[in-house]
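Visitor: Walk me through how to read this model, please. Keep it brisk.

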Amino acid sequence: MAASGRGLCKAVAASPFPAWRRDNTEARGGLKPEYDAVVIGAGHNGLVAAAYLQRLGVNTAVFERRHVIGGAAVTEEIIPGFKFSRASYLLSLLRPQIYTDLELKKHGLRLHLRNPYSFTPMLEEGAGSKVPRCLLLGTDMAENQKQIAQFSQKDAQIGDHHLHPLVQILPISEALEGILHKARSPGLQDTSCGPTCQRPHTLEVFPKYEEFMHRLALAIDPLLDAAPVDMAAFQHGSLLQRMRSLSTLKPLLKAGRILGAQLPRYYEVLTAPITKVLDQWFESEPLKATLATDAVIGAMTSPHTPGSGYVLLHHVMGGLEGMQGAWGYVQGGMGALSDAIASSATTHGASIFTEKTVAKVQVNSEGCVQGVVLEDGTEVRSKMVLSNTSPQITFLKLTPQEWLPEEFLERISQLDTRSPVTKINVAVDRLPSFLAAPNAPRGQPLPHHQCSIHLNCEDTLLLHQAFEDAMDGLPSHRPVIELCIPSSLDPTLAPPGCHVVSLFTQYMPYTLAGGKAWDEQERDAYADRVFDCIEVYAPGFKDSVVGRDILTPPDLERIFGLPGGNIFHCAMSLDQLYFARPVPLHSGYRCPLQGLYLCGSGAHPGGGVMGAAGRNAAHVAFRDLKSM
């Protein structure tokens with residue numbers, strides 16, 4: 001799938017031997033026959049789980065099928081001299097506690113924050129010699145309003161106050177405290193109740209929308225760092241278990257306290273089509289389409305699909321280095337994040353093994369987990385097993401079926417894993433020059449080059465039409481494209497003067513119309529279509545291409561173990577979240593089999609490079625281990 005083209009620029013030096021591998025090899029020695037805990041899969045969640053368990057004194061081993069750790073958070077030099085974040089490519093959602101607890105900066109993590117962060121160029125064929133318009137958004141609200149005013153004065157308008165204090169980029173804890181202070185102070189006005197508020201001095205439109213969404217994100221935030229409410233304990237547990245499970249209600253109560261009387265309006269955001277929500281706020285199609293991309297990215301949904309608002313929320317509730325909502329690139333690619341987590345784990349004694357495929361979870365005669373069997377037949381005993389693989393692989397392939405309830409297995413087999421994504425990694429010998437924002441004379445990166453660049457996104461109708469193509473079993477005729485150039489901020493990723501380009505494209509069916517499977521010809525035809533689209537916005541792009549790596553949904557499944565190619569392991573729809581992730585009555589991390597835990601994106605709170613599932617699962621498993 002990797003295709004290299006004409007002569008390459010001078011290659012950069014190879015990255016140094018990862019610290020975690022040095023620690024692992026020198027301090028651990030060979031594979032031991034027994035550990036306290038085994039983690040299946042060295043994706044970022046599995047590594048986080050191992051790091052927390054090891055810090056708690058639980059001797060932990062991680063087994064990874066591939067030659068490289070990180071799962072989808074990996075850096076690979078597919079084309080000589082060009083280092084790609086081959087699957088996941090941006091960072092924002094990683095939980096703040098994980099940065100601190102695992103001392104990731106100490107272990108080498110370096111970030112490049114993006115500002116501005118979003119660039120949507122227009123085509124505007126009738127503009128003649130005029131430069132087409134574009135929408136460039138960043139953290140400067142005044143500049144954002146100038147940008148939006150090109151398309152709608154109403155959408156950009158503000159009232160007497162320039163910006164509500166809570167819209168400023170604050171650490172989440174500070175912003176949360178500010179909101180709770182308002183809730184305790186009746187004399188303070190609530191200015192985030194939605195677009196229909198009619199009060200003097202209220203914010204207008206875009207700043208007000210930003211505040212409205214940030215408040216919802218702050219309400220959801222406490223739910224991410226705790227297991228879902230334990231309904232099984234409430235229904236069937238002992239009195240002590242029921243009392244303990246009361247603590248799982250605290251995040252829900254905190255969320256309700258933040259949202260207060262406006263809960264019905266926020267409920268609409270989570271359940272309605274994102275087009276309905278955005279239409280209540282804005283009239284400008286370029287702005288609505290740009291915002292709507294966060295509601296459909298990675299999901300086989302249209303902006304007209306009910307519940308698409310939650311996916312948007314999922315992508316705006318992150319932050320980096322105390323800056324709420326910030327997204328950035330990891331120095332050295334996403335694999336450097338996985339290396340930092342692994343280094344934290346191995347420094348405290350964890351063992352990580354690559355090219356060690358787990359074939360089966362072992363169960364004793366009492367129905368308790370007692371370890372794993374590797375593909376080569378090696379048995380490794382353990383008191384508990386945490387699986388970072390998908391629910392489908394964990395329960396339908398690795399776990400002996402006779403120990404799991406039939407209804408549970410049936411529900412797991414019915415999980416929605418449809419994925420619209422084809423990821424294309426591209427090596428280029430120069431930056432793309434957009435008609436709406438031509439390159440500098442010397443070709444150095446300009447502010448918009450560091451952004452998520454949205455193509456074929458001038459109108460929400462384009463997003464819906466691309467979705468409908470996939471529903472008919474066809475690759476989208478005008479694919480939705482998110483183009484990122486991490487080397488614009490991190491020159492270590494490519495040879496001098498060259499760049500790496502990440503193309504996250506959709507919509508794409510897993511199986512083509514008529515049951516036709518993907519082959520090299522179909523992959524190339526689709527990539528050519530994507531390149532043709534980019535060429536219209538940035539003439540000369542196709543001539544700049546040195547090589548490319550095309551990953552369709554079946555490729556993402558085969559290489560990274562993502563079921564159906566789904567980056568979230570299963571859809572982030574409301575019927576597969578919180579209480580119901582992965583399935584109702586078996587949410588959270590414990591499984592029907594004692595000693596087996598789910599710690600990947602198929603568990604609460606879901607996908608994205610967040611680490612919450614790994615951290616939460618480790619704490620649940622540790623509490624159970626102490627009570628054994």
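Visitor: What share of the contacts in the protein chain with a separation of 6 or more comes from residues 24 or more positions apart?

Guide: Contact means heavy atoms within 4.5 Å. Here, such residues account for 72% of those contacts. The model is predicted: local features need pLDDT of at least 70, side-chain atom pairs count only at pLDDT 80 or more, and totals for chains, interfaces and linings use all residues. Residues are numbered from 1 along each chain as its sequence is written, and side-chain values use heavy atoms, leaving out hydrogens and water.

Visitor: Which stretches have pLDDT under 50?

Guide: pLDDT is the predictor's confidence in each residue, from 0 to 100. Where it is low, the predicted coordinates should not be read in detail. The protein chain averages 85, and 84% of the residues score at least 70. Residues 4-15 stay under 50, with 29 contacts beyond four places in sequence. Residues 159-203 are also below 50; this stretch has 82 contacts beyond near neighbours in sequence.

Visitor: How do H4 and H7 pack?

Guide: Two packed helices are described by the angle between their axes and the distance between the axes. Helices are DSSP runs (H or I, at least four residues), numbered from the N terminus. Axes are lines fitted to C-alpha atoms over the stretch in contact, and angles run from 0 to 180 degrees between N-to-C directions. H4 (residues 141-149) and H7 (residues 205-224) pack at about 125 degrees, axes 10 Å apart.

Visitor: Which residues in H4 meet H7?

Guide: Met141, Asn144, Gln145 and Ile148 in H4 meet Phe206, Pro207 and Glu210 in H7.

How values were computed
Helix = DSSP H or I, 4+ residues; strand = E, 2+ residues; numbered from the N terminus.
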